[in-house]
Amino acid sequence: MPKTALITGATSGFGRATAQRFAAQGWNVIATGRRAERLQTLRDSLGKRVHTLAFDIRDADAMQAALATLPEALQGIDLLVNNAGLALGTAPAQSADLGQWRQMIDTNITALVALTHALLPGLIERRGAIVNISSIAATYPYAGGNVYGGTKAFVSQFSLGLRSDLHGTGVRVTSIEPGLAETEFTLVRTSGNQSASDQLYAGAQPITDTDIADAIWWVATLPPHLNINRLEVMPVNQSFAGFQIHRGQ
Ligand code: NDP
Ligand code: 8X3
């Protein structure tokens, strides 16, 4: 029997590459996202092993309704990849848009928690696995990262908390924490500014979507007695800078 992975945010970036990776390895994939036409394209290219659910992950009722439509053969989920998420804006907190903050919290935290809660009983029954996509922004603050970094710190800490609570169930939990990665992430963050996105990645040899798909494949297919708790991944060309000092009043 093939295993089944539910991957959120499969219309783009890490999620799409992960759907492609798992489908190519013979898994059933439940691919989610808002853009139904992109999900259809994914299904057209990957075949019947991919089942698509188009809904806004912030809408708890839509999420439950979508899960309820799953055919019986796909109701047993072995792997949940909580990947859907976004950053909006890089303004300092004092001039940030509260609506953007709320959208990040609703997507990166509230929806992730709700989906995890819905799927936990089944994951326990099947001794499954959860991979949460956090970020280096969870650990390393930077100017303009305020609420985005806060949401990812939640994801990392929630992952560790889940590990504790799931002790003895056989369920594995991993937080993957990527650095600079070229996806649609910056296009979304800058409200569609393609040149800002291109400039950020130019010459940097950033992480690719398939790099992260490979990492997810690795942690999810290790022998069942092993758990990768946190996996921080950066491009070689990215590293740390110092603290900032303001002089004067
Ligand atoms: P993309 O923008 O390429 O993909 C984001 C995915 O999230 C899309 O499939 C999008 O689907 C989905 N999504 C966003 N909002 C919603 C929503 N309300 N409902 C349903 N789905 C939603 O970015 P990445 O692949 O880079 O991002 C994936 C994850 O990786 C995110 O959690 C991000 O924070 C994290 N990350 C990214 C890094 C990077 O540098 N790229 C580094 C570290 C972490 P749709 O729009 O169709 O709904
Ligand atoms: C995305 C990485 O450094 O842009 O999570 O916040 S960063």
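A residue is near a molecule if one of its heavy atoms lies within 4 Å of that molecule. Please keep in mind that this is a predicted model.

**Ligand 1**

- Let us begin with the surroundings of ligand 1, where 29 residues form the shell. The closest of them are T11, S12, R34, Y148 and T183.
- Three helices, α1 (13–24), α5 (146–165) and α6 (185–189), each give at least two residues to the shell around ligand 1.
- Sorted by class, the shell around ligand 1 has eleven nonpolar, twelve polar and six charged residues.
- The side chain of T11 has an N or O atom 2.7 Å from an oxygen atom of ligand 1, and the side chain of R35 has an N or O atom 2.9 Å from an oxygen atom of ligand 1.
- The backbone takes part too: a polar backbone atom of I57 sits 2.9 Å from a nitrogen atom of ligand 1.
- How much of ligand 1 does the protein bury? Taken alone, ligand 1 exposes 880 Å², and the protein buries 96% of that.

**Ligand 2**

- Around ligand 2 you will find S135, I136, A137, Y142, Y148, F185 and R189.
- By class, the shell of ligand 2 splits into five nonpolar residues, one polar and one charged.
- For Y142, an N or O atom of the side chain is 2.6 Å from an oxygen atom of ligand 2, and for Y148 a polar side-chain atom is 2.6 Å from an oxygen atom of ligand 2.
- On its own, ligand 2 exposes 240 Å², of which the protein buries 82%.

**The second largest pocket**

- The volume of the second largest pocket is about 250 Å³.
- Its lining is made of 15 residues, and those closest to the centre of this pocket are K3, R127, R172, A220 and P224.
- That lining holds seven nonpolar, three polar and five charged residues.

**Salt bridges**

- Side chains with opposite charges can pair when their charged atoms come close to each other.
- This structure holds seven salt bridges. One of them joins R21 and D214, whose closest N and O atoms are 2.3 Å apart.
- R21 belongs to helix α1 and D214 to helix α8 (residues 209–220), so this pair ties together parts that are 193 residues apart in sequence.

Conventions: Residues are numbered from 1 along each chain as its sequence is written. Chains are lettered from A and ligands numbered from 1 in the order in which they are written. This is a predicted model: local features need pLDDT of at least 70, side-chain atom pairs count only at pLDDT 80 or more; totals for chains, interfaces and linings use all residues. Side-chain values use heavy atoms; hydrogens and water are left out. A polar contact is a pair of N or O atoms within 3.5 Å; within protein, one must be able to donate a hydrogen and the other to accept it, and residues adjacent in sequence count only if both atoms are side-chain atoms. Accessible areas come from the Shrake-Rupley method with a 1.4 Å probe; for residues, only the protein chains shown count as cover. Helices (H or I, at least four residues) and strands (E, at least two) are DSSP runs, numbered from the N terminus. Ala, Val, Leu, Ile, Met, Phe, Trp, Tyr, Cys and Pro count as nonpolar, Asp, Glu, Lys and Arg as charged, and the others, Gly among them, as polar. On a 1 Å grid over the protein atoms alone, a cavity is a set of points where a 1.4 Å probe fits but cannot get out, and a pocket is an open set with protein on both sides within 12 Å along at least five of seven lines; lining residues have an atom within 4 Å of a point. Grid points are joined across faces, edges and corners, and a volume is the space filled by probe spheres set on the points. A salt bridge is a side-chain nitrogen of Lys or Arg within 4 Å of a carboxyl oxygen of Asp or Glu.
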